[in-house]
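Hello,

Here is the structure I promised to pass on to you. Have a look at it first, and then read my notes below.

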Amino acid sequence: MADFNLEALSLKELRQLQKDIAKAISTYEDRHKAEARAKLDAIAKEMGYSLADLIGADVKPTRAPATAKYRHPENPSLTWSGRGRKPLWFVAALDAGKSPEDLAIS
C-alpha cells in the first residue's frame, strides 16, 4: 500500500484523492458483483436454467433507438429524432424562419 503523508497534501489534492478512492471502491464492487453473477449464471446453466428464470427477474426489453425525423440543412450528418431536448441547430433554424416541415427528412 502507498505510504504518503496526508498532512502534506493540499485541499485540491485531498479532494482528488477522495474522488479516486470513491471510484476505486465502486469499480471494485462492480467487478465483484459481475464475478458473482457469472458464477451463479454458470451454475444455473449447468442445471439447465437461466439465472433470470431462477430469481424471477423480468428482463427489460431493449428499445431500438428512435429514427431520425429532422436533418440539419447544411450538415446532413446532424439529425434529431424529435424526442428529448431540441438541438441548438434545430432551434436556430426555427428562429431563422424555417418550419419543422422544412427540416423534416422525407
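Is His72 buried or exposed? His72 counts as buried because its relative accessibility is 15% (buried means under 20% relative accessible area, exposed over 50% and partly exposed in between, with a 1.4 Å probe and protein chains only).

A word on the source: this is a predicted model, where local features need pLDDT of at least 70, side-chain atom pairs count only at pLDDT 80 or more, and totals for chains, interfaces and linings use all residues. Residues are numbered from 1 along each chain as its sequence is written, and side-chain values use heavy atoms, with hydrogens and water left out.

Back to His72: you will find it in the loop between strand 1 (70-71) and strand 2 (79-80). Strands are DSSP runs of E with at least two residues, helices are runs of H or I with at least four, and both are numbered from the N terminus. Leaving aside residues up to four places away in sequence, His72 touches Leu78 and Trp89 (contact means heavy atoms within 4.5 Å). The His72 side chain also reaches the backbone nitrogen of Glu74 at 3.0 Å.

Now the aromatic rings. The structure holds 4 aromatic pairs. In one of them, Trp80 and Phe90 are tilted, at 4.8 Å centre to centre and 55° between the planes. This pair links distant parts of the chain, with Trp80 in strand 2 and Phe90 in helix 3 (residues 88-95), 10 residues apart. Rings of Phe, Tyr and Trp (its six-membered ring) pair if their centres lie within 6.5 Å; planes under 30 degrees apart count as stacked, over 60 as edge-to-face and the rest as tilted.

Best wishes

Notes. Polar contact = N/O pair within 3.5 Å; in protein donor to acceptor, adjacent residues only side chain to side chain.
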